[in-house]
Amino acid sequence: MLHEIAPHTFSNAYKPRRPADSDHALYFSIEGVLLSDGPSLPTFADLGGAQVYSDATYLFSMDETGFFLIDTLPPQHPDTLQMHTLQRMREVLPQQEVFAGTTAGQLYRWYRDTRYCGRCGMRTKLSETERAVVCACGYTCYPKIAPAIIVAVSDGKRLLMTRNTRSTYSRYALVAGFVEIGETFEQTVAREVMEEVGLRVKNIRYYKNQPWGVSDNVMIGFFADLDGDDTITLNDGELTEAVWFEPADIPQPVTRQSIAQELIETVRERLASAQTGAEAEEASCQPRLRCINIAAHNPTALAEFYRDALGAVTDHTKGDPDRVEVRFCYEDEVLVVLQQDARQHENEAPKRHEFELHVVDVDAEYDRLCGFGIEIERPPADLPWGFRYLRFVDPEGNGIDLVAKKPAD
Ligand SMILES: [Zn+2]
């Protein structure tokens with residue numbers, strides 16, 4: 001997402017200072033933003049030196065570099081500097097500069113719109129102690145950050161997507177909307193889905209959030225399940241289209257900057273994975289076949305582990321290295337090992353899967369696993385309802401129970 005700029009660090013602490021030549025000077029107007037050749041965000045050096053801009057407004061820092069707002073340009077600035085739309089800026093700059101430029105644009109609009117006091121109409125000035133504008137009447141105004149929800153609604157097989165071909169953004173998107181007064185985020189989700197497409201939702205689950213300076217928002221992402229009838233009704237005239245998409249038909253995202261694209265990709269993978277399981281089950285006439293899906297960092301290595309440790313037969317499904325099917329010899333049990341979404345690695349602990357496989361002889365399997373040096377979490381033990389089991393841990397940390405019926409005495 002746009003704000004994920006590691007190894008760079010963003011510091012929004014308000015520590016006003018005078019600019020240096022190496023700091024960035026951001027100039028915005030109705031046309032967009034000033035960029036230097038590169039393209040990149042211009043520095044004061046590009047604009048003839050920081051000494052001319054001693055009244056520049058300090059915004060924030062990234063790494064050791066300050067970002068300042070300037071409200072005038074020198075009458076003769078070099079040809080290497082040109083105005084570009086904010087959309088163009090988001091397309092051409094490296095991610096950390098897009099994030100800085102977008103956040104600076106949010107502050108530019110807020111400073112521009114708060115030059116006069118909303119309470120008494122007098123001219124405001126910048127606070128010396130915090131990022132705020134203050135008025136002699138006592139009014140203090142802080143930057144505008146509007147919370148808005150965005151939700152991926154699924155019926156278990158399909159994802160709901162919407163679009164408005166009259167809007168400047170005419171691609172398929174997710175249901176989204178501003179949090180209204182007196183509402184929790186979850187209530188906003190339910191209300192927006194009902195208002196936009198006439199559907200009821202349940203199991204509203206928080207995902208992640210994202211500062212989205214493009215439109216002065218913080219976006220709060222959710223998943224939700226359809227509750228009841230799937231008939232779409234476009235209610236409030238905001239949308240021109242709403243469609244249920246099967247995973248294979250979900251439109252590919254253009255960029256990876258927004259939380260919307262992460263939500264869409266996450267649901268696409270889940271639905272596709274569920275579909276694979278259902279298809280594998282359908283394809284087999286064996287009523288005992290079970291299919292288990294596991295997301296793995298390294299699907300090939302994990303599949304090889306199962307092959308060596310448990311004598312499973314492995315097969316790269318249709319030549320796709322991210323999707324390995326592992327079939328166990330002793331029972332009709334299929335494990336589909338899928339590539340875990342790479343974007344989930346950084347911030348989330350991998351999900352531990354726990355499942356059971358049916359074997360003929362738990363103790364024989366124990367000897368074999370020990371021979372491979374595999375970590376055993378629970379050595380073979382009897383279960384009171386006539387089964388024997390052990391639990392081992394695979395290289396990705398999943399817990400697997402091997403279970404067998406105890407031989408009759
Ligand atoms: Zn005032």
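Trainee: How many bridges join strand β23 to strand β24?
Mentor: Seven bridges join β23, residues 387-393, to β24, residues 399-405. The two strands run antiparallel. Keep in mind that this is a predicted model.

Trainee: Which residue in β24 is the bridge partner of Arg388?
Mentor: Ala404 is the partner of Arg388.

Trainee: What sheet do these strands belong to, and in which order?
Mentor: An open sheet of four strands, ordered β21-β24-β23-β22. Its pairing is mixed.

Trainee: Which strands stand at the edges?
Mentor: β21 (354-358) and β22 (376-383). Each has a single partner strand, so one side of each is left without a neighbour in the sheet. On average, neighbouring strands in this sheet are turned by 20 degrees against each other, ignoring direction.

Trainee: What packs on the sheet?
Mentor: Helix α6, residues 362-371, packs on it and touches β22, β23 and β24. The direction of α6 makes about 20 degrees with that of β23.

Trainee: Other topic. What is the strand order in the sheet that has β3 in it?
Mentor: That open sheet has three strands in the order β3-β4-β7, with antiparallel pairing. β3 (28-29) and β7 (81-84) are the edge strands, and each pairs on one side only.

Trainee: How many bridges join β3 to β4?
Mentor: Two bridges join β3 to β4, which covers residues 32-36. In β4, Gly32 is the bridge partner of Ser29.

Trainee: Now the whole chain. How many helices and strands does it have?
Mentor: Six helices and 24 strands.

Trainee: Is the chain more spread out than a compact globule, or what does the radius of gyration say instead?
Mentor: The radius of gyration is 28 Å, well over the 22 Å that the globule rule gives for 409 residues, so the chain is more spread out than a compact globule. Its C-alpha atoms fill a box of roughly 95 × 50 × 40 Å along the principal axes.

Trainee: What share of the residues is buried?
Mentor: Buried residues make up 31% of the 409. As for contacts with a separation of 6 or more, 60% of them come from residues 24 or more positions apart.

Trainee: Where is confidence lowest, and where is it highest?
Mentor: Strand β17 (residues 290-296) is lowest, at a mean of 73, and strand β9 (residues 133-134) is highest, at 98. The mean pLDDT of the chain is 86, and 91% of its residues reach 70 or more. Over residues 284-288, pLDDT stays under 50. For that stretch the model has five contacts beyond four places in sequence.

Trainee: What is the phi of Asp63?
Mentor: It is positive, about 55 degrees, although Asp63 is not a glycine. Asp63 sits in the loop between β5 and β6 (65-69).

Trainee: Is Asp63 buried or exposed?
Mentor: Asp63 is exposed, because it has 11 other C-beta atoms within 10 Å and the cut-off for exposed is 12 or fewer.

Trainee: And where is Asp216?
Mentor: In the loop between β14 (201-212) and β15 (217-226). Asp216 has a positive phi of about 60 degrees and is not a glycine either. With 17 C-beta neighbours inside 10 Å, Asp216 counts as partly exposed.

Terms used: Residues are numbered from 1 along each chain as its sequence is written. This is a predicted model: local features need pLDDT of at least 70, side-chain atom pairs count only at pLDDT 80 or more; totals for chains, interfaces and linings use all residues. pLDDT is the predictor's confidence in each residue, from 0 to 100. Two residues are in contact if their C-beta atoms, placed from the backbone, lie within 7 Å. Two strands pair if DSSP finds at least two bridges between them. Axes are lines fitted to C-alpha atoms, for helices over the stretch in contact, and angles run from 0 to 180 degrees between N-to-C directions. The radius of gyration is taken over C-alpha atoms; the globule rule is 2.2 Å times the number of residues to the power 0.38. A residue is buried if 20 or more other C-beta atoms lie within 10 Å of its own, exposed if 12 or fewer, and partly exposed in between; C-beta atoms are placed from the backbone.
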